[in-house]
Amino acid sequence: MHVKFNTIYKLSKEFWFQTVLTVVLLLFFSFDRRHYIFIPDEMPFFASYALAAFFINYHLLPLYFYTKKYILFAICIIITLTLIIVNEELILERIIYPTSRGQYFPGVFYTLIDILPILSIYIGFKFAWDAHKKQRELELLKNEMKESELQFLKSQINPHFLFNNLNNLYSYAIESSPKTPSIILELSAVLRYMLYECKEDQVSLSKELEHLESFTALNKLQIENRGTITFKTTYDSKHYTIAPLILIVFIENAFKHSTASQANNISIEIKTHIDSKGLLSFYCKNSFFEQTNTNSLAHGIGLENVKKRLRLLYPEAHKLEITHEENYYIVSLQLQLKPIAYA
């Protein structure tokens with residue numbers, strides 16, 4: 001019902017547009033500018049032009065021109081113009097002007113001078129209307145594709161996160177570690193946020209930061225005394241929103257690559273700063289051994305995912321740098337956030 005109403009509304013907009021255009025063209029066509037009078041006898045001629053224009057706009061254009069059947073379109077245009085001239089010269093002028101214009105035929109070229117301007121205006125406005133409609137449909141399609149891709153990318157994060165952490169949890173359970181209940185509790189809090197609180201395109205920055213702290217604490221439990229983990233947040237204001245599950249990918253990779261390449265002396269430093277204008281500066285630095293495959297650090301489903309999301313959600317509003325220096329892997333991200341819209 002809603003779709004049908006929208007269709008009717010769009011058709012009515014075009015109908016009223018064509019009606020106003022027809023009235024304006026009729027006034028110009030039937031108005032004698034030399035004597036400043038309206039000539040009703042010209043209305044039948046205009047009516048034939050308008051009917052021909054509607055036939056071209058709503059039949060020939062969609063049937064032949066928009067389907068790239070240009071030869072058939074040209075043939076039909078020639079036939080239509082021929083019928084207009086025949087109708088004007090052999091019927092209308094002999095009925096309306098039997099003693100003047102109906103007595104002679106001025107020629108095809110002269111007659112086309114009267115016909116083509118009206119047809120050109122009608123067809124030109126129809127082209128513009130259809131182009132505008134196609135542009136809006138294209139923008140709508142792009143937005144739908146963008147939304148679909150974002151949902152797909154977001155859906156990839158949860159399995160990626162679960163795969164890594166459930167493997168770690170399994171190892172602790174096998175060893176009967178006393179920290180297993182704490183890990184399960186932290187994991188439950190993180191998953192609750194991911195499954196229920198970050199379904200929107202934008203979430204509160206304060207909640208996202210709390211989520212990052214919980215996630216860091218979860219992974220810190222697994223490292224135990226094998227290294228140093230620091231998480232620091234400074235801010236002038238937290239009254240901003242952010243796309244969920246973006247920053248967590250960098251932190252997850254930091255823990256994954258550090259623990260995979262080192263048994264001890266793990267070093268992970270995470271810093272976030274938000275200034276009063278909503279510019280988020282995120283910094284994540286983690287240690288790794290050079291002899292491991294460093295080429296894989298800048299790839300993988302997680303980082304490729306977040307890069308795509310940043311391009312889609314923050315075009316021209318983010319700067320991401322991923323580098324590695326000696327035994328450290330560094331991620332630096334600047335992100336312009338949007339303020340919370342209060343009701």
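**Exercise 1.** Find what share of the contacts with a separation of 6 or more in this predicted protein model joins residues 24 or more positions apart.

*Solution.* Begin with the contacts in the protein whose separation is 6 or more, and then keep those between residues 24 or more positions apart, which account for 71%.

**Exercise 2.** Decide whether His211 is buried or exposed, and list its contacts beyond the neighbours within four places in sequence.

*Solution.* First locate the residue: His211 lies in helix H6, which covers residues 205-223. Next compare its relative accessibility with the cut-off, for buried means under 20%; His211 has 3% and therefore counts as buried. Finally, with the neighbours within four places in sequence left aside, His211 is in contact with Val190, Tyr193, Met194, Leu245 and Ile248.

**Exercise 3.** Work out the order of the strands in the open sheet of 3 strands, and identify which of them are edge strands.

*Solution.* The order is S3-S5-S10, and the pairing is antiparallel. Strand S3 (203-204) and strand S10 (338-339) each pair on one side only, and these are the edge strands. Looking at one pairing in detail, S3 and strand S5 (residues 240-242) run in the antiparallel sense over 2 bridges, and Ser204 has Thr241 in S5 as its bridge partner. As background, strands of a sheet pair through backbone hydrogen bonds, either parallel or antiparallel.

Conventions:
Residues are numbered from 1 along each chain as its sequence is written. This is a predicted model: local features need pLDDT of at least 70, side-chain atom pairs count only at pLDDT 80 or more; totals for chains, interfaces and linings use all residues. Side-chain values use heavy atoms; hydrogens and water are left out. Contact means heavy atoms within 4.5 Å. Helices (H or I, at least four residues) and strands (E, at least two) are DSSP runs, numbered from the N terminus. Buried means under 20% relative accessible area, exposed over 50%, partly exposed in between (1.4 Å probe, protein chains only). Two strands pair if DSSP finds at least two bridges between them.
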